[in-house]
Amino acid sequence: MTKIVKMSEKNASGMVEQFFPETHVDAVKDLVNVTEEDKQEWSAKETTTGSQLKATKALNDAKSYVDNKQTLIWSGTLKYGDAETTLSNSYLKYDVLRFQFRAGSSSADGRMEFVVKKEEGQKTGCVFSTMNLPDSGTGSTATMFEARVLLDPTKPTKMLIDLDIKASISNTVSFEPSPAGNQLVITKVWGVSES
């Protein structure tokens, strides 16, 4: 095997000449000597069990880190038409709010994160949008739910859904305020501190 490198040097008359030196493997073959003991030591550095233990520790460390960064500040059910609910802490204390919710007749939980705006006196509307698609063979209508959670810095421990819309999408599209049984429902809120 030959490695070709383009080089230059001045000749006796001062002119620069280019040349291509050759380096052969034979010239360096005895510079590194790998023994069977070296190979076994390298192979023993990582095992499947060892790597799984490291991966499990990394996962547990990440979960612990996240758990230490987030605090459950509300749990229950909140939907459009309900009275304002009270959080256990001011939402302004956190960098991010993490919501858990359900939409329509679905029993599956959705999650959404919202970056908290901390400008003086500015109300914030956090909009949730989710879509329930029909199962194959059970119907041809998809339903989209959208709701807005109102957060007011003058009442930082209060939360209210002040808008809720349901859109049914099939051959036609219809929009309507959601009836009581088909609303987006918030079930949990966590406050997350990034620092």
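## About the model

The model is predicted, so local features need pLDDT of at least 70 and side-chain atom pairs count only at pLDDT 80 or more, while totals for chains, interfaces and linings use all residues. Residues are numbered from 1 along each chain as its sequence is written, and side-chain values use heavy atoms, leaving out hydrogens and water.

## The nonpolar core

Let's start inside. A nonpolar core is a set of buried Ala, Val, Leu, Ile, Met, Phe, Trp, Tyr and Cys residues joined through side-chain atoms within 4.5 Å. Here, buried means under 20% relative accessible area, exposed over 50%, and partly exposed in between, with a 1.4 Å probe and protein chains only. The largest such core has 24 residues, and those with the most contacts inside it are Leu 97, Phe 99, Phe 128, Val 149, Met 159, Ile 186 and Val 189. Two or more residues each come from E5, E7 (96–103), E8 (110–115), E9 (124–132), E10 (142–152), E11 (155–169) and E13 (184–192). These strands are DSSP runs of at least two residues marked E, numbered from the N terminus.

Beyond its neighbours within four places in sequence, Val 149 is in contact (heavy atoms within 4.5 Å) with residues including Phe 99, Phe 128, Met 159 and Ile 186.

## A cluster of rings

Rings of Phe, Tyr and Trp (its six-membered ring) pair if their centres lie within 6.5 Å; planes under 30 degrees apart are stacked, over 60 edge-to-face and the rest tilted. By this rule there are two aromatic pairs. One is edge-to-face: Phe 99 and Phe 128, at 5.0 Å centre to centre with 80 degrees between the planes. Phe 99 sits in strand E7 and Phe 128 in strand E9, 29 residues apart.

The rings of Phe 101 and Phe 128 have centres 5.2 Å apart and planes at 80 degrees, so this pair is edge-to-face. Ring pairs link Phe 99, Phe 101 and Phe 128 into a cluster. Phe 99 is buried, Phe 101 is buried at 7% relative accessible area, and Phe 128 counts as buried at 0%.

## A buried glutamine

Gln 70 lies in strand E5 (residues 70–78) and counts as buried at 18% relative accessibility. A polar contact of 2.2 Å joins the side chains of Gln 70 and Arg 98. Such a contact is a pair of N or O atoms within 3.5 Å; within protein, one must be able to donate a hydrogen and the other to accept it, and residues adjacent in sequence count only if both atoms are side-chain atoms. Leaving aside neighbours within four places in sequence, Gln 70 is in contact with Arg 98, Trp 190, Gly 191 and Val 192.

Key
Helix = DSSP H or I, 4+ residues; strand = E, 2+ residues; numbered from the N terminus.
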